[in-house]
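Good morning, and thank you for joining.

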Amino acid sequence: MRRLSRFNLVSLALGLAFLYVPILILVVYSFNGSRLVTVWGGFSTRWYAALLEDLPLQEAALTSLGIAFVSASAATVLGTLAALTLTRLGRFRGRLPFAAMVYAPLVMPEVITGLSLLLLFVAVGFERGVVTVTIAHTTLTLCFVAVVVQSRLASFDRSLEEAAMDLGCPPLKTFLTVTLPVIAPAIAAGFLLAFSLSLDDIVIASFTTGPGATTLPIRIYSEVRLGVKPEINAVCTIFIAVTAVVVILASLISRRTERPAAG
Amino acid sequence: MTNDTAPQKSVGERLIIALPYLWLVAFFLVPFVIVGKISLSQTVIAQPPYTPVLDLSAGLGGLIDFFGALSADTYATLAGDDLYLFSYLKSLQVAGLSTAILLAIGLPIAHAMARAPARLQPFLVVAVMLPFWTSFLIRIYAWMTILQRDGLLNQVLQGLGLVDEPASWLSTDTAVLIGIVYSYLPFMVLPLYASLHKLDESLLEAAADLGCPRWKAFWLVTVPLIAPGIGAGCLLCLIPIIGEFVIPDLLGGSDTMMIGQTLWTEFFANKDWPVASAIAVVLLMLLVVPIAAWEALQSRQIREGR
C-alpha cells in the first residue's frame with residue numbers, strides 16, 4: 001500500500017513552496033503601482049505599458065527567439081542522430097570518444113564552453129554575431145536532445161523494428177514508420193528543452209556574441225546588475241507565463257500520445 | 001545482441017554517425033585545443049590580444065617560430081598570485097557545501113515523490129521541472145528582490161520581531177548558497193526520484209518483517225540501491241557549480257570571487273585572454289576526475305537500459 005507519511009507530506013509541501021514562492025512574489029510585484037519594488041503601491045499594469053515603449057528590449061527578445069528557434073531545430077536533428085548512433089548502430093571505432101563528447105557538455109561549466117568557442121571563432125577569423133551564438137547554442141543543446149531521445153530509444157522494444165526488417169522493410173522506411181512515431185514525443189521534448197536552454201543562456205552568449213546581437217538574457221542581465229527594477233519584474237512575468245503554458249501543453253500532448261502506446 | 005556489430009556500415013549509417021560526430025569535434029573538441037594553445041601564449045595589446053598568432057602562410061618556418069614562442073608564463077602568473085588559488089578554493093568550498101545541502105533537501109523530496117500515489121507522480125515531476133523551464137536568470141532575480149536590504153525577508157523577520165534592524169543578506173555567501181540550492185534543486189531531485197521510483201518496495205517490506213527499523217532499512221537497503229542516482233545527482237550539481245558565474249556575480253559579495261568570476265574578469269575586464277585560458281585549463285584539470293565519473297555513470301545507464 002502506498003501511503004504518504006507525515007514526514008513525506010511535509011517534505012513535499014516545503015519543497016514545492018521553496019520552488020514556487022519566490023516566483024510567485026516576483027509575479028505579484030510586477031503588478032505593483034509603486035516604483036519601489038518592495039513597497040506595495042496598489043495594483044497597476046503600468047510596468048507592462050512601459051515595456052511597449054522599450055524598443056531595444058523588444059529587439060533583444062526577437063533576436064533571442066530567432067536564435068533559439070534555429071539552434072533548437074539544428075540541435076534536434078543533430079541530437080537525434082547522436083542518440084541513434086549511441087543506441088542503434090552498435091560498435092564502431094571512435095564510439096567511446098563520441099559518447100564522451102555527448103555527455104561532457106551537460107556538466108561542463110559554461111564559462112569554459114563559452115571561452116573555448118569564442119577562441120575558436122577568433123582563431124578562424126569568423127565575425128561574431130547572431131550566427132556564432134546560434135552555433136554555440138546548437139553545440140550545447142544537441143547534447144541535451146541526444147540524452148532525452150536516447151533514453152526513449154533505450155526503453156523502446158527493438159523487436160518491433162526487427163520484425164519490420166525481417167518482413168523486408170528497408171531500414172530508412174522502418175525508421176520513418178516504426179521508430180519515429182514512438183520517439184516523436186521525446187524528440188519534441190528535446191526540441192523544447194533546447195529552445196528554452198537557448199532562450200535562457202547568458203554566459204555562452206556573452207562570450208560568443210558580437211556587436212548588434214544582444215540577446216534578451218544579456219539585456220536583462222545588464223539591467224539587473226544595477227539593481228531591482230519593476231519593468232524587469234514585468235518582463236519576467238511574461239516570460240514565466242509563456243513557458244508555463246508551453247510546458248503544460250507539451251506535457252499534456254505527450255501524455256495523450258504516450259497512453260495508447262503504453263496501453 | 002542481434003544488432004549489426006560488423007565493422008562494415010552502410011553509407012546511410014556512416015552519415016548518421018558523421019554529422020553529429022564532426023559537429024562535436026569542430027565545436028567542442030577543437031576549441032579546447034585552442035584554449036590550451038592560447039594559455040601558452042603571451043598577452044599583447046593587439047587584435048587578437050595574444051602572441052604568437054599561428055601564420056600558416058609562412059610555411060614550415062612559421063610553424064617552428066610559432067612553437068618556439070610558446071611559453072608557460074601564464075601558468076607562472078597563476079601560481080605566483082594567491083588570488084587565483086583562493087578563487088579555486090572558494091569555488092570548491094561553495095560547490096561542496098551546496099551539493100551537500102542539495103542532497104539533504106533533495107532526498108526527502110524525491111522520497112516523498114516516489115511514495116506518492118502513482119496517479120499523482122507525473123504531476124509532481126512536472127511541478128519540480130517547471131521552475132527549471134522558466135529562465136534561470138529570472139529565478140536569481142526573484143531572490144535579489146527577496147534578499148535585498150528592504151526586501152521581503154527582512155520585512156518578515158522584522159515583522160515577527162526576530163531581528164531589530166534589517167540584516168544585509170544580499171552580497172553574502174549565504175545568498176550565493178541560497179541561489180545555487182534554489183537553481184540546482186531539480187537537477188538533484190529528478191535523478192534521485194528516477195532511481196527511487198524503480199526501487200522494489202518488497203525489499204523494504206522484507207526488512208520491516210524481519211524487524212529492521214525504518215531508518216535502518218533506509219540506510220542499509222535504499223541508499224545502496226539508489227547509489228547511482230545519488231552519484232548522478234551530486235555530479236550533475238557539483239561540476240557546473242564549481243564554474244558557476246551568474247549566481248555569485250548577482251548574489252555574492254565582491255571580497256572573494258569564485259573561479260568562474262575570476263575567469264570572466266580576466267577575459268572581459270582585463271582583456272587578458274592567455275590568463276583566462278590558463279584558468280580554464282586548470283579548472284578543467286580539477287574537473288577531470290568528476291567528469292570521468294559522470295561519463296562512467298552515463299554509459300552504465302545506457303547499457304542497463306538495453
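Chain B has 306 residues, and 41% of them are buried, that is, with 20 or more other C-beta atoms, placed from the backbone, within 10 Å of their own. Please keep in mind that this is a predicted model, in which local features need pLDDT of at least 70, side-chain atom pairs count only at pLDDT 80 or more, and totals for chains, interfaces and linings use all residues. Residues are numbered from 1 along each chain as its sequence is written, while chains are lettered from A and ligands numbered from 1 in the order in which they are written.

Chain B contains 14 helices and two strands, taken as DSSP runs (H or I, at least four residues, for helices; E, at least two, for strands) numbered from the N terminus. Of its contacts between residues at least 6 apart in sequence, 71% join residues at least 24 apart; a contact requires C-beta atoms, placed from the backbone, within 7 Å.

Now to the core. The largest nonpolar core has 154 residues, and A:Leu115, B:Ile140 and B:Ile279 touch the most other members. Such a core is a set of buried Ala, Val, Leu, Ile, Met, Phe, Trp, Tyr and Cys residues joined through C-beta atoms within 7 Å. Helix α8 of chain B, residues 173-197, is its main contributor, with 14 residues. Leaving aside residues up to four places away in sequence, B:Ile279 touches B:Leu78, B:Tyr84, B:Ile259, B:Thr262, B:Leu263 and B:Glu266.

Finally, the interface. Chain A supplies 73 residues to the contact and chain B 81 residues. On the side of chain A that touches chain B, α1(A) gives the most, with 11 residues.

Note on methods: A residue is buried if 20 or more other C-beta atoms lie within 10 Å of its own, exposed if 12 or fewer, and partly exposed in between; C-beta atoms are placed from the backbone. Two residues are in contact if their C-beta atoms, placed from the backbone, lie within 7 Å.
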